[in-house]
Amino acid sequence: MKPIVQISLDLTNIEEALETAAMALRAGVDWLEAGTPLILAEGLHGVRQLREAFPGIPIVADLKTMDGGYLEAEMMAKAGATHVVVMARAHEETIKVVVEAGKDHGVKVMGDNLGCPDMVAGAKRLEDLGCDYVIHHIGYDERRGIAAQGKAMPSPLDQLREVVEAVKVPVQAVGGLSLEQAIQCPEYGAPLVVLGAPLTIDADAFKTAEGDLESSLRLICEKIHGYGNV
């Protein structure tokens, strides 16, 4: 698939999320993500407001579902989400009912392998159980905790090629990536590129003359969308 740019709205109030989303879409972002902090703060109402403000734009609800899978997916679908997230560490019955809800309500299912002892096997399990996408994810606490022990901080890039080779569905890499690393993901075979928001754009290559965030984000989107067209 062609590269897709997704912005993760990891914000805690809907007003800021709506403003950031509007700016991101002007800059060329393709998908919006109601990040877990936004869902915790605003719930279904936040997803519903994103849908009302941006009709026709894909919206990922990062639920990190572990149980009650059908109801969670159904509720988010009815609120306007087009994609929901279920965890590989959930029981296989939970993953199966999320996939069932996705088919019943017209939403795609993204399976997240965060916390799996074997990340590649976790990704394959998600695909085998019917997920439409795999999120290869190294968690925030995991990264920080390991680094605090004086060890090398893990990155999703460490095993990204192995995950991509193990599954046929599109893969997304998440977890502590710099902008430069995120932009490189299509080169690893992972076409779904996630940019976190609030955004801190400090990469020299993406500083603009105006110095404004929207212009910098536009350059990033152009570079990602241009992958493979050279």
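Modeller: A salt bridge is a side-chain nitrogen of Lys or Arg within 4 Å of a carboxyl oxygen of Asp or Glu. This is a predicted model, in which local features need pLDDT of at least 70 and side-chain atom pairs count only at pLDDT 80 or more, while totals for chains, interfaces and linings use all residues. Residues are numbered from 1 along each chain as its sequence is written, and side-chain values use heavy atoms, with hydrogens and water left out.

Biologist: Which residues are linked with E214 in a network of salt bridges?

Modeller: The side chains of R218 and E214 form a salt bridge at 3.0 Å, N to O. E214 also meets R26 in a salt bridge of 2.9 Å, N to O. E214 lies in helix α9 (residues 213-225) and R26 in helix α1 (residues 14-27), so this pair ties together parts 188 residues apart in sequence; helices are DSSP runs of H or I with at least four residues, numbered from the N terminus. The residues linked with E214 in the network are therefore R26 and R218.

Biologist: Is E214 buried or exposed?

Modeller: Buried means under 20% relative accessible area, exposed over 50%, and partly exposed in between (1.4 Å probe, protein chains only). The relative accessibility of E214 is 18%. E214 therefore counts as buried.

Biologist: Which side chain does H105 join in a polar contact of 3.3 Å?

Modeller: H105 is placed in helix α4 (residues 92-105) and, at 27% relative accessibility, is partly exposed. A polar contact is a pair of N or O atoms within 3.5 Å; within protein, one must be able to donate a hydrogen and the other to accept it, and residues adjacent in sequence count only if both atoms are side-chain atoms. The partner of the H105 side chain is that of Y70.

Terms used: Helices (H or I, at least four residues) and strands (E, at least two) are DSSP runs, numbered from the N terminus.
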